[in-house]
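Please read them with the structure open.

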Amino acid sequence: MPPIPGSGLAKGLAVTLRTMTRKSHTAQYPDAQPELPPRTRGVIGLFEENCTVCMLCARECPDWCIYIDSHKETVPAATPGGRERSRNVLDRFAIDFALCMYCGICIEVCPFDALFWSPEFEYAETDIHELTHERDKLREWMWTVPEPPALDPGAEEPKELAAARKAADKLAAAQAAEAAQAAQAAETTGAAGAPTQAADGQPGPGAQGGTE
Ligand code: SF4
Ligand code: SF4
């Protein structure tokens with residue numbers, strides 16, 4: 001059936017009228033900050049202490065916009081006769097946000113929880129080079145990362161927490177045993193050094209400082 005002439009116009013006007021009567025949701029940014037969802041992908045923060053320079057993030061980044069430089073250092077053996085070890089030391093960690101497509105792969109693949117999403121998004125620059133954020137800047141973003149949501153009440157305790165609790169319990173038990181041992185030793189020494197009483201009520205051979 002051929003369309004009725006003017007029906008398209010009527011439809012369009014109906015949509016316009018409907019929209020005109022709806023409440024506007026314009027956000028007055030930048031006067032009012034938007035309320036962003038907690039998992040917003042704004043910028044990436046680096047928690048340097050967790051980074052082992054494994055290079056996984058740089059290798060997996062589809063845009064090749066993560067730049068990492070490092071060198072090796074030799075760590076002396078922890079015990080006599082032990083083996084020396086070598087470890088990677090981070091020299092440079094930078095992300096070029098002019099290239100980044102915010103896919104989150106680097107954060108997903110990092111095995112050591114060194115990368116996090118921050119909802120901060122106000123870092124536009126007039127010079128594109130300024131969009132390469134070096135490690136200091138990436139660390140600053142770290143402090144804007146929101147806390148993770150609380151666990152479900154019925155959830156299993158995370159294994160890191162369980163391990164930390166076990167280690168703390170073990171340490172506390174060792175300290176308590178040490179304190180008990182020290183108290184026992186002090187008691188024994190005190191008993192040996194204490195004045196002994198002879199059967200006749202006079203200070204015995206263990207007594208000290210008596211008058212002649
Ligand atoms: S979010 Fe994606 S594109 Fe951006 S640095 Fe990470 S892996 Fe690369
Ligand atoms: S994947 Fe994680 S630990 Fe490995 S280099 Fe990247 S940030 Fe560092």
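1. Thr74 and Ser86 stand opposite each other, the latter in strand E3. E2 and E3 pair in the antiparallel sense, over ten bridges. This and everything below refers to a predicted model. In general, such strands are held to each other through backbone hydrogen bonds.

2. The open sheet has three strands in the order E2-E3-E5, and the pairing is antiparallel. Which strands form its edges? They are E2, residues 66-75, and E5, residues 132-133, each of which pairs on one side only. Strand E3, residues 85-96, pairs with E5 over two bridges, again in the antiparallel sense. Asp96 faces Thr132 of E5 across this pairing. Helix H4, residues 135-142, packs on the sheet and touches both E3 and E5. The direction of H4 makes about 80° with that of E3.

3. How much of E2 is buried? Of its ten residues the number buried is one, so E2 lies largely in the open. For the chain as a whole, buried residues make up 9% of the 212 residues.

4. The wider layout is as follows. The chain has five helices and five strands, and along the sequence they follow the pattern α-β-α-β-β-α-β-β-α-α. Taking contacts between residues at least 6 apart in sequence, 68% join residues at least 24 apart.

5. An unreviewed UniProt entry places a "binding site" at Cys61, Cys100, Cys103 and Cys106. These residues span 46 residues in sequence, yet no two of their C-alpha atoms are more than 10.5 Å apart, so they gather at one spot. The model has ligand 1 with 13 residues around it, of which Cys61, Cys100, Cys103, Ile105 and Cys106 come nearest. By class, the shell around ligand 1 has eleven nonpolar residues, one polar and one charged.

6. Two members of that group can be described further. Cys61 is in the loop between H2 and E2 and is buried, with 20 other C-beta atoms within 10 Å. Leaving aside neighbours within four places in sequence, Cys61 is in contact with Ile66, Ile105 and Cys106. Cys106 has its place in helix H3, residues 105-109. With 23 C-beta neighbours inside 10 Å, Cys106 counts as buried. Beyond four places in sequence, Cys106 touches Cys57, Glu60, Cys61, Ile66 and Leu115.

7. The unreviewed UniProt entry gives a "binding site" at Cys51, Cys54, Cys57 and Cys110. Why can these be treated as one location? They span 60 residues in sequence, but no two of their C-alpha atoms are more than 10.5 Å apart, so they gather at one spot. The residues around ligand 2 include Cys51, Cys54, Cys57 and Cys110, and among the others are Met55, Ile68, Phe112 and Leu115. The shell around ligand 2 holds eleven nonpolar residues and one polar residue, with no charged residues.

8. Is Cys57 buried or exposed? Cys57 has 23 C-beta neighbours inside 10 Å and so counts as buried. Its place is in helix H2. Not counting residues up to four places away in sequence, Cys57 touches Ile66, Cys106, Val109, Cys110 and Leu115. One of these, Cys106, belongs to the annotation that also covers Cys61, Cys100 and Cys103. Cys54 sits in the loop between strand E1, residues 43-46, and helix H2, residues 56-60. Cys54 is partly exposed, with 16 other C-beta atoms within 10 Å.

9. A last point concerns Pro38, in the loop between helix H1, residues 7-21, and E1. With 10 C-beta neighbours inside 10 Å, Pro38 counts as exposed. Pro38 and Pro119 are 81 residues apart along the chain, and their C-alpha atoms are separated by 7.2 Å. Neighbours within four places in sequence aside, Pro38 is in contact with Pro146 and Pro149.

Definitions and conventions:
Residues are numbered from 1 along each chain as its sequence is written. Chains are lettered from A and ligands numbered from 1 in the order in which they are written. This is a predicted model: local features need pLDDT of at least 70, side-chain atom pairs count only at pLDDT 80 or more; totals for chains, interfaces and linings use all residues. A residue is near a molecule or strand if its C-beta atom, placed from the backbone, lies within 6 Å of it. Ala, Val, Leu, Ile, Met, Phe, Trp, Tyr, Cys and Pro count as nonpolar, Asp, Glu, Lys and Arg as charged, and the others, Gly among them, as polar. UniProt positions are given in the numbering used here, feature names are shortened, and annotations may be inferred rather than shown by experiment. Helices (H or I, at least four residues) and strands (E, at least two) are DSSP runs, numbered from the N terminus. A residue is buried if 20 or more other C-beta atoms lie within 10 Å of its own, exposed if 12 or fewer, and partly exposed in between; C-beta atoms are placed from the backbone. Two residues are in contact if their C-beta atoms, placed from the backbone, lie within 7 Å. Two strands pair if DSSP finds at least two bridges between them. Axes are lines fitted to C-alpha atoms, for helices over the stretch in contact, and angles run from 0 to 180 degrees between N-to-C directions.
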